[in-house]
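Please take a moment to look over the sequence and the model shown here, and then follow the paragraphs below from one part to the next.

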Amino acid sequence: MRTMIKYLFTLLICICFISNPFAQTNLLITNPEVDNILKGNYDPLSYLQTLTIDNPAAISLGLLDNVTADSLQSYLNSLVSFVNRNSGSDTLSDSIGIGAARRWAYNKFQTFSLANENRLRTSYFQFDQNICAVNQHKSVLAVLPGLDTSNHQIVLVEAHLDSRCEMSCDTSCIANGADDNGSGSVLVLELARVLSNYTFNNTIVFMLTTGEEQGLWGSKAFSQYAFINNIPIKVVQNNDIVGGTICGERSSPPSCPGVSEIDSNNIRIFSQGINFSKNKQYARYIKMQYYDMLEPLMKVPMSINIMDGEDRTGRGGDHIPFRQKGYTAVRFTSSHEHGDGHPEIMGYTDHQHTVKDVIGLDTDFDNKIDSFFIDFRYLRRNAIINGNAIAMAAQAVNTPTFDLNNSFGGMYITILSELQYLSYKIMVRTNTNDFVGIYGLDGSINRFVPNTLTDSTYYISVAAMDKNGIESIFSQEQMAIAIADGPINTNVDVLNTNSQLVFENISFKNGYLYLFVHSNNSSQEKLEFHLTDLLGRTIMKSEKTIMPYENNIVLNLPSIREGFYFMSMIRENVVIGTKKIFIY
Ligand SMILES: [Zn+2]
């Protein structure tokens, strides 16, 4: 009995020391140059383009012109040829297994780099962890060093390279993993090829992780590496299952409609949190950048769906360990999935996590695949949306902070930091995941956003816009409870009774707006008058000196159109009165 206890005790100690399931050890970027770039220890001049191309419109157009379905298909043909990319599979063979697959990916990154002045630097990220009885693993990454090393932020676009069959450690089955996650892997490769034609402020990291299928080990290890080395990751875009358009018999909720239904126009972005979530804010940023830069140019427009959850019900992915470390992270997944990844359940006929996750089938037995499960044109569109978002995030300046004052008929917003920019944007959201409006700030740091909506609660955030028109990532949201409008064309709408002002008798005649302001203050003061339309656009701003007692204000508006407007009176950046008026 004593021997037994001693044996169990020794076994327990051994388990604790050998396989701590919660931490990977010996985290190592194998290329020291890449390690230094990630840590911000590099001279950006060493990686300059001969001819710098950093214009956002040129980058978006470059993605549209150069990301091709043929490239994506050719990479995926190569990836599935390694038969099994299980994290515990062969690492020595040149033709089969995860080792051959990651060496092929490494060489791809290097080939892209050679075509682009060798600006893309490639490395493995090695870590120790027992996965499927193999103790050491390697993710593959390439970095495109950014110009701005002042805060050395990095943006990360990634996908897991590993695949699996029904048994999570089966290293001899056919585990093509075409959609899960060859699709995401080839998307990341294609973006590395195309985006290395351009120059960015922040370093872009293109990464293919390993060990995802057994517990997100690759992303756990890299997020841990970033965390302990104080590497400021600005955003993470995880791509996992992004090429399939066919709905299987089962799919993880929120599910697709039913067997063989096809959708090649929707993409889903999953992210943690609801209100005040920086992950959701980034999902909205991706969507806004799509509308701003791509949507007018897309032959097949896409819908970007900002999903409620961090992932589909009961599922997870590589973005989660990053979010858990405090980084902003989202996941892209196609709208329709072929399966729910649970082949152990009786009667499972779908593709995910099975030998059936292949590119397509040869239906007429001529040794050519003629029926595809991966839609390469859809995958191309997803890659362009991804690349556009990560490119804009990599150019984006710092995010401002702001102050919000709630008032009759709307909100008054003042930018408090990052004041050097010519323009700012205000994102307005109600109780859905999506924004309802994005307003410009017209070169000012103050803005009145009228309450043109019926909802009672608003979530407001701001972004700075640089000289090229790229928005910063949006700020943390602030909440405002809407204050109802006063009745139209009534005389008294003073919201701040301490203001000692009464704002009344607005009329319009022959291009002139007449206001009467009564002041109970004993001294004169300067006030601003802002006229905004129902979309929040500033029509007119004017500063006037208000004397004690009665003031007749006349504002010239020669070419104003008929309609409803808001007239606001502003004292030291605080709205003290707003009236909804009708000009005719
Ligand atoms: Zn996956």
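**A buried ring and its surroundings**

Phe112 is buried, with a relative accessible area of 7%, and the model in which we find this residue is a predicted one. Tyr75 is likewise buried, at a relative accessible area of 4%, since a residue counts as buried under 20%. A pair of aromatic rings is described by the distance of the centres and the angle of the planes. For Tyr75 and Phe112 the centres are 5.9 Å apart and the planes stand at 50°, so this pair is tilted. Because Tyr75 belongs to helix 4 (residues 69-80) and Phe112 to helix 5 (residues 98-115), the pair ties together parts that are 37 residues apart in sequence.

A search of the whole structure finds 13 aromatic pairs, among them the tilted pair of Tyr290 and Tyr291. In that pair Tyr290 is buried, with a relative accessible area of 1%, whereas Tyr291 is partly exposed, with 39%. Elsewhere, ring pairs link Phe125, Phe127, Phe222, Tyr225 and Phe322 into a cluster.

Strand 1 and strand 2 (residues 121-131) run antiparallel and are joined by three bridges. The open sheet as a whole has nine strands in the order 1-2-3-5-4-6-9-7-8, with mixed pairing. Strand 1 (25-29) and strand 8 (303-306) stand at its edges with a single partner strand each, so one side of each is left without a neighbour in the sheet. From one strand to the next, the twist averages 20°.

Methods
Residues are numbered from 1 along each chain as its sequence is written. This is a predicted model: local features need pLDDT of at least 70, side-chain atom pairs count only at pLDDT 80 or more; totals for chains, interfaces and linings use all residues. Side-chain values use heavy atoms; hydrogens and water are left out. Two strands pair if DSSP finds at least two bridges between them. Helices (H or I, at least four residues) and strands (E, at least two) are DSSP runs, numbered from the N terminus. Axes are lines fitted to C-alpha atoms, for helices over the stretch in contact, and angles run from 0 to 180 degrees between N-to-C directions. Rings of Phe, Tyr and Trp (its six-membered ring) pair if their centres lie within 6.5 Å; planes under 30 degrees apart count as stacked, over 60 as edge-to-face and the rest as tilted. Buried means under 20% relative accessible area, exposed over 50%, partly exposed in between (1.4 Å probe, protein chains only).
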